[in-house]
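Okay, everyone, thanks for coming. Let me put today's structure up on the screen, and then I'll walk you through it.

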Amino acid sequence: MTKFPHFYDVNEEQRKHFDQVFEKELLPHINALSTFAFHLTLNEDDADDLVQETYMKAYRFIDKYLEGTNAKAWLFKILKNAYINEYRRKSKAPAHVDYEDIIGYQDNEDSAIGEFTDLREELFNHMMGDEVTNAINSLPVDFRTVLLLCDVEGFTYEEIAKILDVPIGTVRSRLFRARNELKDKLKAYAVTMGFTDKRKPRVRRTE
Amino acid sequence: MRNPDPIHEYHRMVNMFLDQQLNDEENRQVLHQAQENPEFQRVLRTEQNFRDLIKKNVVQRPQASSRILENIRSRISNKENL
C-alpha cells in the first residue's frame, strides 16, 4: 500500500511541531465542523464519521497548511470535499440534484437575482423554534450549506466560494435563493398559524 | 442592470451590508439611510430579525464528545490510515 512519503520523511522534531499545530490550530474548530457535518448529512453518526475523516485528512496533509492562516476555512473545505467524494457516493440516499440543474441556472451574478421576498415584522411573532428549524432543514443541501457558512459561521462570500469551489456569483445567488425559499416557507407556516399579510401586493416590475 | 424598484434596491443594500460585503463608506451610507428613511429602516430591521431567527434555530450540535476527540488522537497516534 502506498504511504504518503512526507508523513514518514519528517523527523521527530517536525512531527512534534505538526502535532502542536494540529492541537492548537485545527482541533479547536471541531464543534463548528461537527455542526456543518450534521447539516450536510442530517445524521448524527454520519456527521461524526465525517468529522473524524476530515481530521485524518487534515493531519495527513498538515504540511500543506500554512500556520496562522485560515484553519477553519481550510478544514471546512476538506470536510466538504470528503462529503462529496465519499458520503454521497456511498450513500444509498436518492441521487442529489442541484437546484441550479433544475432551473437551468447560469453562474451569472446579479442577473440571476430576481425579486426579494419581503417579510412583515409581525410575522416573527408567529414563529416557533421547531418549525423554523424544520424549514431550514428542509431546504436543499446546497442552500442549507450557504446559509450555515454565511449566517452562522460568518464566512465571507470569497471564503465560501473557496470552500465550495464555486464562483462568488454562485454563492450570492444561492444565498439569495436560500433566503427567499426559507422566507416563503416561514410565510406559509405563519399563515397556517393565523397570520395574514394585509399589505396590497406589490407590482413586480421587470427589468 | 439594477431593478428600479426602491424596495428591491433596499433589500440588495441591506443584504450586502449584513453580509459584510460593503466598504466603510458604503456602510456609513447604509447607516445614514437607516436613520433618514423609515422604509429602509424597516427592511434593515426585518432582515436582521430574519438572520437572528436563522442563527437561533439552526441546529448547533453540542460540544464534540470526548470520544470523538480520543478517536482522532488515537488514530493519529497509531498512524491509522495515514
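I'll start with confidence, then take chain A, the interface, and a helix of chain B.

So, this is a predicted model. For the complex, the predictor reports an ipTM of 0.82 and a pTM of 0.79. Chain B has a mean pLDDT of 87, with 91% of its residues at 70 or more. If you look element by element in chain B, helix α2, residues 24-36, has the highest mean pLDDT, 96. At the other end is helix α4 of chain B, residues 66-77, with the lowest, 88.

Let's stop at one residue, Leu66(A). You'll find Leu66(A) in the loop between α4 and α5 of chain A.

On to where the chains meet. Here, 35 residues of chain A are in contact with 33 residues of chain B. On the chain A side, α3, α4, α7 and α8 each supply at least two residues. Which one gives the largest share? That's α4(A), with seven residues. Sorted by class, this side of chain A has 19 nonpolar, seven polar and nine charged residues.

Last stop, helix α1 of chain B, residues 6-18. This helix has 13 residues, and from first C-alpha to last it reaches 18 Å, close to the 18 Å expected at 1.5 Å a residue. Which residues of α1(B) are buried? They are His8(B), Tyr10(B), His11(B), Val14(B) and Phe17(B). The cover over those buried residues includes α2 and α3 of chain B. And just past the end of α1(B), look for Gln20(B), which takes a positive phi of about 55°.

That's my tour, so over to you for questions.

Methods:
Residues numbered from 1 in each chain as written. Chains lettered and ligands numbered in written order. Predicted model: local features only at pLDDT ≥ 70, side-chain atom pairs only at ≥ 80, totals over all residues. Contact = placed C-beta atoms within 7 Å. Helix = DSSP H or I, 4+ residues; strand = E, 2+ residues; numbered from the N terminus. Nonpolar A, V, L, I, M, F, W, Y, C, P; charged D, E, K, R; others polar. pLDDT = per-residue confidence, 0-100. Expected span 1.5 Å × (residues − 1). Buried ≥ 20, exposed ≤ 12 C-beta atoms within 10 Å, placed from the backbone.
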